[in-house]
Each structure stands twice: as structure tokens, then as C-alpha cells.
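Reader: Hello! I'd like a close look at a single part of this model, described so that I can follow along on my screen. Could you pick one and take me through it?

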Amino acid sequence: MSGKQKHQKCCPRNLNRKPKLGKFADIKILNFVYPISWVKNLQENGQKLYGLAEYHKRKISINIDTPSKLRKTVIVHEICHALSYALDLNLTEHKVRLLSLGLLQAFKINI
Ligand SMILES: [Zn+2]
């Protein structure tokens with residue numbers, strides 16, 4: 001590690017940096033690591049998907065064709081699905097959509 005890297009790591013300015021969800025290789029959810037796979041032609045039952053959370057495989061897949069401006073939204077959406085499974089919340093698709101949009105907006109404004 002160079003001196004510059006050390007400085008960047010401990011510099012308080014970096015604590016205020018927004019997380020870059022779209023570039024995460026792995027996401028930790030409730031102490032489990034979910035690798036993010038960027039997949040071509042992501043589908044389920046013949047339907048094209050932007051993202052897919054597979055709780056039992058502890059894996060999140062994102063369609064590589066997802067427009068970059070939607071990637072954060074899709075990742076937060078899949079995190080909500082994973083939490084719904086893990087916490088046995090049984091959230092519907094509609095509720096996951098609303099929750100993820102609300103969380104994303106709160107993160108944008110506050111974090
Ligand atoms: Zn969904």
C-alpha cells in the first residue's frame with residue numbers, strides 16, 4: 001500500500017463518499033455474502049428480467065443489459081427480495097417495488 005492509498009483510506013473526507021452500489025462485486029445481507037453476477041439474457045420462465053435474487057443460492061444476478069441509470073434501483077430491489085425471503089416477510093412484488101424505491105430515495109437524500 002502506497003502512502004497515497006493509506007491517506008485515502010484514513011481521510012475523513014472518504015467517510016462521506018456515497019457508496020457505489022452498481023460496482024459492488026458482492027453484497028452482504030444479514031451477514032451472508034451475495035455475489036453479484038452480471039448476466040446476459042437474464043430470464044425466468046421465459047420473461048426477461050433486470051435482476052434476480054436467489055435466496056437459497058445466496059446469489060444476485062443482474063442483467064448486463066440493464067441501463068446504467070437503473071442498476072442501483074435494480075440492486076436495491078433485489079436486496080429487498082433477499083431480505084423478504086431471509087426474514088420471512090412474504091413481501092409481494094408490488095411491496096418490494098415500493099420499499100426499494102423508498103429506500104433508494106432515502107439513501108440518495110441522506111447517505
Ligand atoms: Zn422483484
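Author: Among the contacts in the chain between residues at least 6 apart in sequence, 48% join residues at least 24 apart; two residues are in contact if their C-beta atoms, placed from the backbone, lie within 7 Å. This is a predicted model, in which local features need a pLDDT of at least 70 and side-chain atom pairs count only at pLDDT 80 or more, while totals for chains, interfaces and linings use all residues. Residue numbers start from 1 along each chain as its sequence is written.

A word on confidence before we zoom in. pLDDT is the predictor's confidence in each residue, from 0 to 100. The chain averages 83, and 78% of the residues score at least 70. Helix 1 (residues 3-10) has the lowest confidence, a mean of 45, whereas helix 3 (residues 93-110) has the highest, at 95. Residues 1-20 have a pLDDT below 50, and beyond near neighbours in sequence this stretch has three contacts in the model. Where pLDDT is low, the predicted coordinates should not be read in detail.

Let's look at the sheet, then. The chain has three helices and six strands, in the pattern α-β-β-β-β-β-β-α-α. These elements are DSSP runs numbered from the N terminus: helices are H or I, at least four residues, and strands are E, at least two. Four of the strands form an open, mixed sheet in the order 1-2-6-5; two strands pair if DSSP finds at least two bridges between them. Strand 1 (26-29) and strand 5 (51-54) are the edges, each pairing on one side only.

Walk across the sheet with me. Strand 1 runs antiparallel to strand 2 (residues 32-39), with four bridges joining them; Asp-26 has Pro-35 of strand 2 as its bridge partner. Strand 2 then pairs with strand 6 in the parallel sense, again over four bridges, and here Ile-36 is partnered by Ile-60 of strand 6. Strand 5 and strand 6 are antiparallel, joined by four bridges, with Ala-53 opposite Ile-60. These two strands form a hairpin with four residues between them, and Arg-58 in the turn has a positive phi of about 50 degrees.

Strand 6 is mostly covered, as four of its five residues are buried. A residue is buried if 20 or more other C-beta atoms lie within 10 Å of its own, exposed if 12 or fewer, and partly exposed in between. Helix 2 packs on the sheet, touching strands 1, 2, 5 and 6, and its direction makes about 25 degrees with that of strand 5; axes are lines fitted to C-alpha atoms, for helices over the stretch in contact, and angles run from 0 to 180 degrees between N-to-C directions.

Now for the largest nonpolar core, whose eleven residues include Tyr-34, Ala-53, Ile-60, Val-74 and Ala-82. Such a core is a set of buried Ala, Val, Leu, Ile, Met, Phe, Trp, Tyr and Cys residues joined through C-beta atoms within 7 Å. Strand 6 (59-63) and helix 2 (68-86) each give two or more residues to this core, and the largest share, six residues, comes from helix 2. Beyond its neighbours within four places in sequence, Tyr-34 touches several residues, among them Asp-26, Ile-60 and Ala-82.
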